[in-house]
Amino acid sequence: STKFAPWLAHGNLSPRYIAKECTKYEEERVANKSTYWVVFELIWRDFFKFFALKHGTSLFFPSGTIGSNKPWKHYEKNLRAWIEGKTGFPLVDANMRELRATGFMSNRGRQNVASFLALELNQDWRYGADYFESTLLDYDCPSNWGNWCAA
């Protein structure tokens, strides 16, 4: 992780500047997987901005942007265990503890814990999105809710 996300989310750093610097690095030194993925993630970030514009407030509905009829549940005990990193699943727990301690979590970690909450615990995904909104240092509304409604 570059750890640029908080500065991007708060408008202190331009995605164009980062992309330009990646291109400059590749021209002066070498193109590599790292620079490729940095630019790729910037593009993905922009995708979610347009995704949110297209879908509007449906991004926040239980049915998400696809109109799912899944009957979401809310089990406070399970949600609390997930938030505290005490689910008994080491991958999930490690990611949730990192988030709680640092305000950061990798993109892959976010996908893993979101899928776990929504699909394994059958928990209303909006509780997870809300928790991330209040905890992530790099919180970005379109990326956060767009990723969560896809969980």
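**Exercise 1. Determine whether K49 is buried, partly exposed or exposed, and find the residue with which K49 forms a salt bridge.**

Step 1. K49 has a relative accessibility of 29% and therefore counts as partly exposed, where buried means under 20% relative accessible area, exposed over 50%, and partly exposed in between (1.4 Å probe, protein chains only). The model is a predicted one, in which local features need pLDDT of at least 70 and side-chain atom pairs count only at pLDDT 80 or more, whereas totals for chains, interfaces and linings use all residues. Residues are numbered from 1 along each chain as its sequence is written, and side-chain values use heavy atoms, with hydrogens and water left out.

Step 2. The side chain of K49 meets that of D140 in a salt bridge, at 2.9 Å from N to O; the term requires a side-chain nitrogen of Lys or Arg within 4 Å of a carboxyl oxygen of Asp or Glu.

Step 3. Because K49 lies in helix 3 (residues 33-55) and D140 in the loop between helix 7 (125-135) and helix 8, the pair ties together parts that are 91 residues apart in sequence. Helices here are DSSP runs (H or I, at least four residues), numbered from the N terminus. D140 itself is buried, with a relative accessible area of 11%.

**Exercise 2. State how many salt bridges the structure holds, and describe the one between D124 and R126.**

Step 1. The structure holds 5 salt bridges.

Step 2. In the one formed by D124 and R126, the closest N and O atoms are 2.6 Å apart.

Step 3. D124 is buried, with a relative accessible area of 7%, whereas R126 is partly exposed at 27%.

Step 4. Another of the salt bridges joins the side chains of K86 and E84 at 3.9 Å, N to O; K86 is exposed at 56% relative accessible area, and E84 is partly exposed at 23%.

Terms used. Helices (H or I, at least four residues) and strands (E, at least two) are DSSP runs, numbered from the N terminus.
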